[in-house]
Amino acid sequence: MNAPIMFHQAHDMPWSAKEFESKLRALEAGYHIHHPFNQRLNSGCCSPEQIRGWVANRFYYQVNIPLKDAAILSNCPDRETRRRWIQRLVDHDGRGDDEGGIEAWVRLGEAVGIDRPTMWSQQHVLPGVRFAVDAYVNFARRAPWQEAVCSSLTEMFAPHIHLERLAGWPSHYPWIEPQGLQYFRSRVPLAQRDVEHGLEVTLSHFRTASEQRRALDILQFKLDILWSILDAVEKAWPV
């Protein structure tokens, strides 16, 4: 994967909020959009078996997102933050007529040829994927809630990867049912909304130079989680 970006702060002075945000955004260089497997996936070079392997394994990450968000809520004493953050659970688990992101991912699985019972059984989840995702959830459970919020800021980079899939998959993989791509459509506006809140928390909480460096390390940790998931998938379904 890409080498971590090193940031230096003169005389241990904190960055301004604008500079700090730019440092966080610069970590996009290590986002899994640049992983070789994702580049092949979005350029039409993956076989149906490889796509199904990725979808089945990424599902383990999807079903754990609400657990991560619930952990943040359980550690957060601030009512206003909880009132905003709880929407993320609804986004993935659904409520009422809104089936949520997890159901949308199951439908993606069906569109690529994975039946519903097989998807939910998680029988194809690789040990490396399980280890990486569990590490992320455990971090959210044990870390201060502001640090767990910071780890969610990989969402800054997510709209681009979803838009790439929406633009390329219909022509690259015409055998995939178009309605199966609804998850990617739904996440573009939701990710943009979530980034606004995550940045608000991070920029206000990490104020000193050492705290800001800690935030960069946390975001890099989350980037490594996502990269490790694709490492495992690539090894299981090589070119």
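Biologist: Is phenylalanine 184 buried or exposed?

Modeller: In this predicted model, phenylalanine 184 has 0% relative accessibility; buried means under 20%, so phenylalanine 184 counts as buried. Tyrosine 183, at 4%, therefore counts as buried too.

Biologist: How many aromatic pairs does a search of the whole structure find?

Modeller: The search finds 13 aromatic pairs. In one of them, tyrosine 61 and tyrosine 136 have ring centres 6.4 Å apart and planes at 10°; planes under 30 degrees apart count as stacked, so this pair is stacked. Tyrosine 61 belongs to helix H3 and tyrosine 136 to helix H7, so the pair links parts of the chain 75 residues apart. Both tyrosine 61 and tyrosine 136 are buried. Tyrosine 183 and phenylalanine 184 form an edge-to-face pair, with 6.1 Å between centres and 80° between planes.

Biologist: Which residues form one aromatic cluster?

Modeller: The cluster consists of Trp54, Trp105, Trp169, Tyr173, Trp175, Tyr183 and Phe184.

Biologist: Where does the charged end of arginine 88 sit?

Modeller: That charged end sits over the ring of tryptophan 85, 3.5 Å from the ring centre. Arginine 130 lies over the face of tyrosine 60, at 4.8 Å from the ring centre.

Biologist: What is the volume of the largest pocket, and which residues lie nearest its centre?

Modeller: Rolling a probe the size of a water molecule over the atoms shows where empty space is left. Here the largest pocket has a volume of about 320 Å³. Its lining comprises 18 residues, with Gly100, Ala104, Arg107, Gln182 and Tyr183 nearest the centre. Helix H5 supplies the largest share of that lining, six residues.

Note on methods: Residues numbered from 1 in each chain as written. Predicted model: local features only at pLDDT ≥ 70, side-chain atom pairs only at ≥ 80, totals over all residues. Heavy atoms only, no water. 1 Å grid on protein atoms, 1.4 Å probe; cavity = no way out; pocket = protein on both sides within 12 Å on 5 of 7 lines; lining within 4 Å. Points joined across faces, edges and corners; volume = space filled by probe spheres on them. Helix = DSSP H or I, 4+ residues; strand = E, 2+ residues; numbered from the N terminus. Phe/Tyr/Trp six-rings, centres within 6.5 Å; stacked < 30°, edge-to-face > 60°. Buried < 20%, exposed > 50% of the residue type's maximum accessible area, 1.4 Å probe, protein only. Lys NZ or Arg CZ within 6 Å of the ring centre and 35° of its normal.
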